[in-house]
Amino acid sequence: SLERLVGIESRPKRKLGCLVVQHNDTRTMLTKFESKSARVKGLAFHPVRPWICASLHNGVIQLWDYRVGTVIDRFEEHDGPVRGVDFHLTEPLLVSGGDDYKIKVWDYKLRRCLFTLLGHLDYIRTVQFHPNAQQFPWILSASDDQTLRLWDFAKRTCLSVLTGHNHYVMCAAFHPTDDLIVSASLDQTVRVWDTTGLRKKQMGEPSGPSSGPSQAEAMALGGALQVSGGMGPEGDGRPKQAGGLNVQAELFGTNDVVVKYVLEGHDRGVNWACFHPTLPLLASAADDRQVKLWRMSETKAWEVDTLRGHANNVSSCLFHPKHELVVSNSEDRSIRVWDVNKRVGVQTFRREGDRFWILAAHKSQNLLAAGHDSGMIVFKLERERPASCYGPTPGMMYYVRGRELFLHDTSRSGAGAAGSTGVDVPITSLRRMGTQAQTDGIGSAPRFLSYNHHNP
């Protein structure tokens, strides 16, 4: 049992045998909701409502209310598995990508597909709206056709084709604030792309040299340009420039998005890569059973450390939005939590019989979700409420904050504080005992506090 008495480092030497602290059992997940379904390949939290969208291997997209545990809606127009899904930040829109090579944009209020974006030539692995989709109506997609694509969903056109990977692109994601994209591929690399040129082009800013084809390229593509673009308005035999640009973009990509870094270090295909929300850090997960941390500067990126512990392919990873943690899941049927600073494992959750495929984090709440072979789980790593209990007399409450035990006494007023509801009196310092004491992070906080009234 992980229920222990807390070791005391006394300030005044006080016998505190009347108080017992019970810590988290780090093997037990704080599950908020669990669903049963076909294999879940994609997950996305709604930014405001208590909803989560799950895309399934059987081609169905489910919209769940995880607070009450019911399916709100189902979308079933994809032919084959749906591997990626995402919510728009402000509009009632949902984007999905599947094995039918199609990207579909849905209005979940109207409960129908608005339009389909065609262009990829193989399975689509992930799709994502731009974090600032009000200003940039962009969708990013990654595909087994070895490319990433940027789409303008307002104009329903392809903005850019990002070429460079030479195997399936397993995932792609926007940076939360910067003009960057990260992608992971089975070619064993992680690539970071700079979208500054595309942003300036879309906003009408000068972006340096023209990204159009050179005269030599235009001449080399002359036949294709004529077929695709037709003749100019004067009928003088000159190809239309727009058609030429489209063909060049399809064949070679454009110069609007350029590779900034190529990160090499994994020994097998990389399944996932993600940005830290605020720091210049990256995390990647691969079939070599490792999670790697990378740091970026303005001019280069390098490997910081490797987190080892998974026993099979690592499917997905993410940085926790509120704590300095990396969470990863794997085909070894486990979810692991790692301390970013100390680079050690903090928690491991195991599931019998179900491989994990995808992770998602809520942007503003302490919620995570994991998709596995037979459904999904919405869970927390720790409770927000501190461990607390009432003391022997009315108006006294003990609680734990950080590594300190406090007594909140409502019978005493704060020093000069008008309308004060009491004072907090520090009682003693606490320390963890046993193997769980290696980190101050998730899993080390006390969960329950009880007062023994028979031993005052």
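1. Strand S12 (residues 124-129) is joined to S13 by 5 bridges, and the two strands run antiparallel; here two strands are taken to pair if DSSP finds at least two bridges between them, while helices (H or I, at least four residues) and strands (E, at least two) are DSSP runs, numbered from the N terminus. Within this pairing, valine 127 stands opposite serine 141 in S13. This is a predicted model, in which local features need pLDDT of at least 70 and side-chain atom pairs count only at pLDDT 80 or more, whereas totals for chains, interfaces and linings use all residues. Residues are numbered from 1 along each chain as its sequence is written, and side-chain values use heavy atoms, with hydrogens and water left out.

2. On its other pairing, S13 meets strand S14 (residues 148-152) in the antiparallel sense over 5 bridges, and isoleucine 139 stands opposite tryptophan 151 in S14. The two strands S13 and S14 form a hairpin with 4 residues between them, and glutamine 146 in the turn has a positive phi of about 75 degrees.

3. How many residues of strand S13 (residues 138-143) are buried? The count is 6 of the 6, so the strand is largely enclosed by the rest of the structure; buried means under 20% relative accessible area, exposed over 50%, and partly exposed in between (1.4 Å probe, protein chains only). In a regular strand the side chains alternate between the two faces of the sheet. For S13 both faces are covered, with Trp138, Leu140 and Ala142 buried on one side and Ile139, Ser141 and Ser143 buried on the other.

4. For the chain as a whole, the secondary structure comes to 4 helices and 35 strands, and 53% of the 456 residues count as buried. Among contacts with a separation of 6 or more, 49% are between residues 24 or more positions apart, a contact being heavy atoms within 4.5 Å.

5. S24 pairs with strand S25 (residues 325-330) in the antiparallel sense over 5 bridges, and the bridge partner of leucine 318 in S25 is valine 327.

6. Aspartate 373 is found in the loop between strand S29 (368-372) and strand S30 (375-380), and it counts as buried because its relative accessibility is 17%. Its side chain makes a polar contact of 3.0 Å with the side chain of arginine 39 and another, also given as 3.0 Å, with that of arginine 355; a polar contact is a pair of N or O atoms within 3.5 Å, where within protein one must be able to donate a hydrogen and the other to accept it, and residues adjacent in sequence count only if both atoms are side-chain atoms. Not counting residues up to four places away in sequence, aspartate 373 touches Ser37, Ala38, Arg39, Gly353, Asp354, Arg355 and Trp357.

7. The structure holds 8 aromatic pairs; rings of Phe, Tyr and Trp (its six-membered ring) pair if their centres lie within 6.5 Å, and planes under 30 degrees apart count as stacked, over 60 as edge-to-face and the rest as tilted. One of them, phenylalanine 45 with tyrosine 66, is edge-to-face, at 5.8 Å centre to centre and 85 degrees between the planes. Both of these residues, phenylalanine 45 and tyrosine 66, are buried. The rings of tryptophan 51 and tyrosine 108 have centres 5.6 Å apart and planes at 80 degrees, so this pair is edge-to-face.
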